[in-house]
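Please keep the sequence and the model in view while reading.

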Amino acid sequence: MADRAGLSRNTLRKLEHGELGVGFEAFLDVARVLGLADQLNVAFDPYESDFGRARADQELPQRVRR
């Protein structure tokens with residue numbers, strides 16, 4: 001798994017044990033190897049939940065120049 005994800009075994013072990021200091025990119029590399037990348041895209045899409053859609057539809061405040 002580590003070889004296929006392009007990670008060291010130590011980094012993969014840390015990721016498996018939930019240790020801090022492992023970059024998000026390493027997590028994404030493992031997800032890609034496991035075939036979960038598409039599901040992560042859906043999970044992180046704010047338009048895939050009622051709350052996310054409601055927040056996305058709110059008007060953002062305009063930047064005020066002084």
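Which residues in α3 meet which residues in α4? In this predicted model, Phe-24, Phe-27, Leu-28, Ala-31 and Arg-32 of α3 are in contact with Ala-37, Leu-40 and Phe-44 of α4. By class, the residues of this contact comprise 7 nonpolar, no polar and 1 charged. The axis of α3 and that of helix α4, which spans residues 37-44, come within 8 Å and cross at roughly 125°. The two helices are therefore oblique to each other, since the range counted as roughly perpendicular is 65 to 115 degrees and roughly antiparallel requires an angle over 145.

Helix α3 (residues 24-33) also packs against helix α2 (residues 9-16), with axes that come within 11 Å and cross at roughly 90°. On the α2 side the contact is formed by Thr-11, Leu-12 and Leu-15, and on the α3 side by Ala-26, Phe-27 and Val-30. These residues divide into 5 nonpolar, 1 polar and no charged.

The structure contains 2 aromatic pairs. One of them joins Phe-24 and Phe-44 in an edge-to-face arrangement, at 6.1 Å centre to centre and with 65° between the planes. This pair connects distant parts of the chain, as Phe-24 lies in helix α3 and Phe-44 in helix α4, 20 residues apart. Ring pairs also bring Phe-24, Phe-27 and Phe-44 together in a cluster.

Terms used:
Residues numbered from 1 in each chain as written. Predicted model: local features only at pLDDT ≥ 70, side-chain atom pairs only at ≥ 80, totals over all residues. Heavy atoms only, no water. Axes fitted to C-alpha atoms, helices over the stretch in contact; angles between N-to-C directions. Helix = DSSP H or I, 4+ residues; strand = E, 2+ residues; numbered from the N terminus. Contact = heavy atoms within 4.5 Å. Nonpolar A, V, L, I, M, F, W, Y, C, P; charged D, E, K, R; others polar. Parallel < 35°, antiparallel > 145°, perpendicular 65-115°, else oblique. Phe/Tyr/Trp six-rings, centres within 6.5 Å; stacked < 30°, edge-to-face > 60°.
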